[in-house]
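Colleague: I am new to this one. Could you walk me through its side-chain contacts?

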Amino acid sequence: TDPNYSILLEMISPKLKYLHARVGSPNQIHVIDPQTVDNQSNRDYFYNIWKRLVDANPSIPVNIEYGPYPYAIITPDKEDPIKNVERLISRELKILSKVLSVSG
């Protein structure tokens, strides 16, 4: 990693007012499902950044956002796409609450 990366995070963390948490990738504004094996590196990258920022500023509000459909990239199935996005957000909230050691 770039040695300036840590310096940048240290510089911005005290100035943050809000953290918009959404796992993306180099090719997507957000991935379909952050918990898939294919997205492990993307997920780890973002979780690491968010953890460092929250550790430096524990009172920062964190918002998880993955939608709504049709903006959301979802796996097509027979269920309502809105419910898919709601389920994704709910699951990510539970996971991030543990990763970031915050209450959801």
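Predicted model: local features only at pLDDT ≥ 70, side-chain atom pairs only at ≥ 80, totals over all residues.

Colleague: How many salt bridges does a search of the whole structure find?

Modeller: Side chains of opposite charge can pair when their charged atoms come close. The cut-off for a salt bridge is 4 Å, nitrogen to carboxyl oxygen. With the whole structure searched, the count is 4.

Colleague: How many residues apart in sequence are the parts that Arg91 and Asp33 tie together?

Modeller: The two side chains meet in a salt bridge, with N to O at 2.4 Å. Arg91 lies in helix H3, residues 81-99, while Asp33 lies in the loop between strand E1 (19-21) and helix H2 (40-56). So the pair ties together parts whose separation in sequence is 58 residues.

Colleague: Is Asp33 buried, partly exposed or exposed?

Modeller: For Asp33 the value is 22%. Buried would need under 20%, and exposed over 50%. So Asp33 counts as partly exposed.

Colleague: By about how much of the helix are Asp55 and Lys51 separated?

Modeller: Their side chains form a salt bridge at 3.1 Å, N to O. Asp55 is partly exposed at 46%, and Lys51 is partly exposed at 26%. Both lie in helix H2, 4 residues apart, so the separation is about one helical turn.

Colleague: Which residue's backbone oxygen does the side chain of Ser97 reach?

Modeller: Ser97 lies in helix H3. Its relative accessibility is 17%, so Ser97 counts as buried. At 2.8 Å, its side chain reaches the backbone oxygen of Leu93.

Colleague: Now the rings. Is the pair of Tyr45 and Phe46 stacked, tilted or edge-to-face?

Modeller: There are 3 aromatic pairs by the rule used here. In this one, the ring centres are 5.2 Å apart and the planes stand at 90°. Planes over 60 degrees apart fall in one class. So the pair of Tyr45 and Phe46 is edge-to-face.

Colleague: What is the relative accessible area of Phe46?

Modeller: Tyr45 counts as partly exposed, at 46% relative accessibility. Phe46 is partly exposed as well. Its value is 21%.

Colleague: Are Tyr47 and Trp50 buried or exposed?

Modeller: Being buried takes a relative accessible area under 20%. Tyr47 falls in that class, and so does Trp50. The word for both is buried.

Colleague: Which residues do ring pairs link into a cluster?

Modeller: Tyr45 pairs with Phe46 edge-to-face. The cluster linked by ring pairs holds Tyr45, Phe46, Tyr47 and Trp50.

Conventions: Residues numbered from 1 in each chain as written. Heavy atoms only, no water. Helix = DSSP H or I, 4+ residues; strand = E, 2+ residues; numbered from the N terminus. Buried < 20%, exposed > 50% of the residue type's maximum accessible area, 1.4 Å probe, protein only. Polar contact = N/O pair within 3.5 Å; in protein donor to acceptor, adjacent residues only side chain to side chain. Phe/Tyr/Trp six-rings, centres within 6.5 Å; stacked < 30°, edge-to-face > 60°.
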